[in-house]
Amino acid sequence: MPATRDAGRAHVKTGFHDPRTDPVPVGWPEFFRAARLHPVWDYDVMGLDAWTARNPPVLATVSDGAGIVAAFSVLVCRPRLRHRFAPTPGHRLLRPFWAEVCQPWLSGYPGLAFAPEVAAADRRPLIREFERSLRRRLGPGLLGVLYRALGQDFAQDLQGRGRLVKAVDSVAVLENRFASEDEWIASLPKSRRGGLRRQRRRIADDPGVVVAGGAGREDLDSAEVATLIQGHRDRHGKLPLDTRTPPSAAFLHRFLRRPDVHTLTYTGADGRLLAVNTLLDHPDSPAKQHWGTLPVDEGGRQGLLFDSYIHAMRYATRRGVKELTAGRGLPELKATLGFRARPVYSAAVPRPVLGW
């Protein structure tokens, strides 16, 4: 069993990195691999997002003498936003603002991560070190920090006097104990089982729907994909105090071409995009990321969402991964597909108690 690193008591230093202008932090590729992070943590991906984000992400890293031991994806959030574009790099805020630790492109996962050798008892001191450094970095206008999408273990690390930690919703998780998609379908309730099989046949026999999927897609109209994803978010995925940026065609144009991003599309006979789903590769927990579909009254087709789960489970069972995650929306529907609800927490830390 590997030894744990005594990062909580060793000398540590926090660095802040603007992925638009700063070079890749020393040791980041090694940390990225060791912490088994999803593709949205890639420094180039964060930079792509930041150039068009209303609240551009900053990567904070906490290091000891041996390398990076913790990382935080930080959005510096402004009460009044211009319609689309972010402030220029290095812009100093004068109005009050707050910071959010989150991964805006990964639903149900937190915006903080630790090296695997960091002991559980050392996570809290590292978080407090980050908070003290953030307070110094951002100055007196910082009102506090909001941590989104925490699991139960990280939520416990954020507890303390003057801090508010509460359960907000859940993320859908399907434990992969199946050898094939058919074995998964057979495990579901009878009504859902029959519906999925009928849907699979219906799509296969429909000449008016072309299904295509794979990693590193170069054949997609990224503006069309962005429109479908944002439409779905507007209908089903809005968050309270939503600080996320609408997905941009410029970001998706490069993001969808990555070898660790799989894109499933449904296209009509006229070439119009009917639905799209992105899936992020991961050795343990692939994430069914973005879904977008054309409403039926605008020419879309019924049942495509269910068919997308068949494709996702085909991928998961062939890869033999531990689990498949599917975001936070539509929990009742996902429960009928075998997903369980994993609790998700938020933590609000006002400025007076940052670092304590």
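I am working from a predicted model, where local features need pLDDT of at least 70, side-chain atom pairs count only at pLDDT 80 or more, and totals for chains, interfaces and linings use all residues. Residues are numbered from 1 along each chain as its sequence is written, and side-chain values use heavy atoms, with hydrogens and water left out.

**T293**

I found T293 in strand β11 (residues 287-293); strands (E, at least two residues) and helices (H or I, at least four) are DSSP runs, numbered from the N terminus. T293 counts as buried because its relative accessibility is 18%; buried means under 20% relative accessible area, exposed over 50%, partly exposed in between (1.4 Å probe, protein chains only). Beyond its neighbours within four places in sequence, T293 is in contact with L228, R235, L274 and A275 (heavy atoms within 4.5 Å).

**Salt bridges**

My search of the whole structure gave 16 salt bridges, each a side-chain nitrogen of Lys or Arg within 4 Å of a carboxyl oxygen of Asp or Glu.

I looked at D18 and R20, whose side chains meet at 3.0 Å, N to O. D18 is buried at 12%, and R20 is buried at 14%.

Next I checked R200 and D182, with closest N and O atoms 3.0 Å apart. This pair links helix α6 (residues 190-205), which holds R200, to helix α5 (residues 181-186), which holds D182, 18 residues apart. R200 is partly exposed at 24%, and D182 is partly exposed at 42%.
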